[in-house]
Amino acid sequence: MTTVENAAGIAGTSSQTRLDRQSVTGLVFGFLGVALIVGVAPAISSSSRRFNFEPPPDPAGIGFDPPTWVIAIGVLFLLTAALGFAPPAARQWAGPARLFSALAVIPLILVLSLALSDNPSTNIVNLFNESLVLATPLALGSMTGLWCERSGIINIGIEGTMLAGAGIGYMTYATIGDAQSTGWLWFSILISVLAGGLVAALLAVLSIRFGVNQIVGGVVINLFALGLTGFLRSEVIVKSGITTGVGTSEFGLPLLSKIPVIGDQIFRGQPIYWLMYVVVIGTWVVMYRTPWGLRVRSCGENPHAAETLGVNVVRIRYQSVILGGLIAGLAGAWFSMESQARFEDNITNAAGFIALAALIFGKWTPWGAFGGALLFGFSRALGTRLQFLGVEVSGFEIPSEFLQALPFVVTLVVVAGAVGRSIPPAAAGQPFHRSR
Amino acid sequence: MNGVGNANAGVGRAASQVHRFLNEVWRLQPLYVSLYAILLSFVVGGVLISIIGVNPFTAYWALLRGMVGGGDQIAGSLARSVPFIGSALALAFAFRAGLFNIGAEGQLLAGGVTAAFVGALSWMSDLPGIVAIPLILIAGTMGGAIWGGIPGVLRAKTGAHEVISTIMLNSLVLFGVRWMVNSRDPVVLRDTDSTVPRTDPISDTAVLPELVDSQPTLHVGLFALVGICFVVAFVLNRTTFGFEVGTVGLNPHASHYAGINVNRVIVASMAVSGSFAGLAAASEISGTNGFFQPGTFFLMGFDGIAIALLARTNPVAIIAAALLWGSMLSGAPLMQQEADVSIDVVRIIQAMVLLFVAADAIVRYLFRVRELDQSPFKAKSIEGAV
């Protein structure tokens, strides 16, 4: 594996003659701003549109005029572009302006899609909630990746770990609880979590004890989980005849769900969805606010230095990878016992890889990864919504696949370093050998 | 990685006798780990089969007959193996340059959709087969090469790690082809007469000649992909480019100072590597399916990783490893039919093979296989990574 790292080093040094990154983003925003004001705003329908905050019968909401909003966002982009080339004194505002402009892309997409559809209104609170729900397995999966990679173990087996959790959990639920009983449901979710931990332990043994290439270890996990869950499905679940059942039920958070208009939409949800927030916040607290978290991060950056300071690198790596696996198991339970109460082959459908993309998009930080997961969840929710609204650009219906593919393009751009380069933990992927 | 233990004396002593014999007769030493990994995986699979109450020998006997039980079965197994040769070569070639191309999955899709597009062009039916067939194969190869070249360029120009960029590109191309094949308004590549999403059938002139009417059809693509393996072996071992690829793989810094254009080698290796996946996809489209469906190539790229590692990235050994892989998948339905064992057992066995090949310390310990000092299969360049 060292050879691969070396090649990265050489490729990196030869690319110093790149265009200054700030000017590139400045130019892009400038171009977009001009295009929005001159090209888009006059072209779209100026009839009033409405963002609703609740479901149909007489919903609360705000009406707006699409061209005005498009022009406003265009001006914001132009300002950002100008700040990129401003004298040094004003440069301190360039960073926040870029961030603000990047965030403004989301309202821009919403305004544009409603302006281009025949429907005058849509419920955006519901869209927001759908994004969050769809982001649940992605956020959990990216926390798995975070724990593994910050401790120095690359995990491309998140997908397989989730799948194993989903399959083994549902199998337990179907065979013990007939997929009907609430008590056994919780027990089965626990089994999912443990199954995830067990699969991750396999990755840990392979990559830590045997020094196997971690990418290969991940591929083993993915292939193995696909075979194992397929086997369990056809030999146990199908033969038991219980292919669907009752999943987790929604509940409202006390007090918060009583908030008028939005409370009942935003603060109602299923348990694994709520646990996702606990996991994300917990990950941040443990990784950045506890000594153990600091040790984990040190193992991922410079394990030999960590060892010199008395950190047991091998043990820390085992702990982090298995902790990550437990989280992935919970994500698996989301698929087979919360989103729907059934298991089918390859039910996770590449969510593990999307979670990995979210992690990289978020530059290997908890909040960044969570933001990445939200972006992917949003693009999926929006894709469905646009089809529902029938959004057309000059007679051409925007396919949901485009929106779903968009975050991958953004991640690719981030990895390539065009906008805010994403750099992995220094020691990720390198086997560690105790020095004596 | 010093797995040669002093314990487990019984198995070990017997094994070393067998080793000595095998080594004198067939010089199989470099393959020991792979062979034992296969053996061990079948044992694990057998345990699993017994747990569900089936005699593993009954199941394996049915599997074996499904693989090589007759002319049709053998032809079917060969046909099933053909694309795996390409996807495994895709990994193996990049690996020699120190690159981990896990994007064969996406390169297959890119190659397949390009081949299907070119094959279904209206003027293809006017061309004679001798022109049309190379054209569709070249189209697929180019599609794969471009999709493989992108991560190469990103790696060379920006240092973006190819593992990450190929994962992103796999998803991107999947969404892309899904849209092309699904969309009815506008129609991109969808066959509007078909109820399932797939592309228009390719022109008859672009269909690879059939060898045996087996299930799936055995076609001339077999020779093309087997031939490519020998070409790759020649290129890697006997040409300047092959030497550069190997040198960059072993030490890019030294290569840089020796005057090799490292970036050029990285981009070229990734593109060549992707072209093998593209060729495999094109031969499938042209010889077997006659049209493109995204689901056809599911997992084929990841299987390629396992096959390439099983063959220790040796291009000629890949032929044997791919045959094993494809025939197991081809034989599994008979096992399900006769012994009532889910075909997924084969998937589990295959994952175990990869596991034992990768964690060779387990195998070396159990069977007392020594590490090689010098291997004709260049095990050294592999050891660092596997």
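Helix H9 (residues 240-250) of chain B packs against helix H11 (residues 262-289) of chain B at an angle of about 105°, with the axes 10 Å apart. The model is predicted: local features need pLDDT of at least 70, side-chain atom pairs count only at pLDDT 80 or more, and totals for chains, interfaces and linings use all residues. Residues are numbered from 1 along each chain as its sequence is written, while chains are lettered from A and ligands numbered from 1 in the order in which they are written. Helices (H or I, at least four residues) and strands (E, at least two) are DSSP runs, numbered from the N terminus.

- Two packed helices are described by the angle between their axes and the distance between the axes.
- Axes are lines fitted to C-alpha atoms, for helices over the stretch in contact, and angles run from 0 to 180 degrees between N-to-C directions.
- H9(B) and H11(B) are therefore roughly perpendicular (65 to 115 degrees; under 35 is roughly parallel, over 145 roughly antiparallel, the rest oblique).
- From H9(B), Glu244(B), Val245(B) and Val248(B) meet Val262(B), Val265(B) and Ser269(B) of H11(B). Contact requires C-beta atoms, placed from the backbone, within 7 Å.
- By class, the contact of H9(B) with H11(B) holds four nonpolar, one polar and one charged residues. Nonpolar covers Ala, Val, Leu, Ile, Met, Phe, Trp, Tyr, Cys and Pro; charged covers Asp, Glu, Lys and Arg; the others, Gly among them, are polar.
- Helix H8 (residues 221-238) of chain B also packs on H9(B): the axes come within 5 Å and cross at roughly 75°. H8(B) and H9(B) are therefore roughly perpendicular too.
- H8(B) contributes Val235(B), Leu236(B), Asn237(B) and Arg238(B), and H9(B) contributes Phe241(B), Gly242(B), Val245(B) and Gly246(B).
- Four nonpolar, three polar and one charged residues make up the contact of H8(B) with H9(B).

**Interface of chains A and B**

- 57 residues of chain B contact 51 residues of chain A.
- On the chain B side, the elements giving two or more residues are helix H6 (129-158), helix H7 (162-182), H9, helix H10 (252-257), H11, helix H12 (300-310) and helix H14 (344-358).
- H7(B) supplies the largest share of that side, 11 residues.
- The chain B side divides into 35 nonpolar, 16 polar and six charged residues.

**Domains of chain A**

- Chain A splits into domain 1 (17-116) and domain 2 (130-416); the bounds come from an automatic or database domain assignment.
- The centres of domain 1 and domain 2 of chain A, taken over C-alpha atoms, are 32 Å apart.
- Six residues of domain 1 and nine residues of domain 2 form the contact.
- The domain 1 side of that contact has four nonpolar, one polar and one charged residues.

**Helix spans and burial**

- Helix H2 (residues 32-51) of chain B has 20 residues, which should span 28 Å at 1.5 Å a residue; its end C-alpha atoms are 29 Å apart, which agrees. The expected span is 1.5 Å times one less than the number of residues.
- Buried residues of H2(B) include Tyr32(B), Tyr36(B), Leu48(B) and Ile49(B). Buried means 20 or more other C-beta atoms within 10 Å of a residue's own, exposed 12 or fewer, and partly exposed in between, with C-beta atoms placed from the backbone.
- Just after H2(B), Gly53(B) has a positive phi of about 85°.
- H6(A) is mostly covered, with 17 of its 20 residues buried.

**Backbone exceptions and loops**

- Most residues other than glycine have a negative phi, and most peptide bonds are trans.
- Asp178(A) has a positive phi, near 55°. Asp178(A) sits in the loop between helix H6 (158-177) and helix H7 (182-209) of chain A. With 14 other C-beta atoms within 10 Å, Asp178(A) is partly exposed.
- Leu299(B) also has a positive phi, near 75°. Leu299(B) lies in the loop between H11 and H12 of chain B, and is partly exposed, with 15 other C-beta atoms within 10 Å.
- Gln215(B) and Pro216(B) are joined by a cis peptide bond, with omega about -5°. Pro216(B) lies in the loop between E1 and strand E2 (218-219) of chain B.
- Pro201(B) lies in the loop between H7 and strand E1 (210-212) of chain B. Pro201(B) counts as partly exposed, with 18 C-beta neighbours inside 10 Å.
- The C-alpha atoms of Pro201(B) and Gly119(B) are 7.9 Å apart, though 82 residues separate the two along the chain.
- Leaving aside neighbours within four places in sequence, Pro201(B) contacts Ala120(B), Asp191(B), Gly290(B) and Phe291(B).

Note on methods
Contact = placed C-beta atoms within 7 Å.
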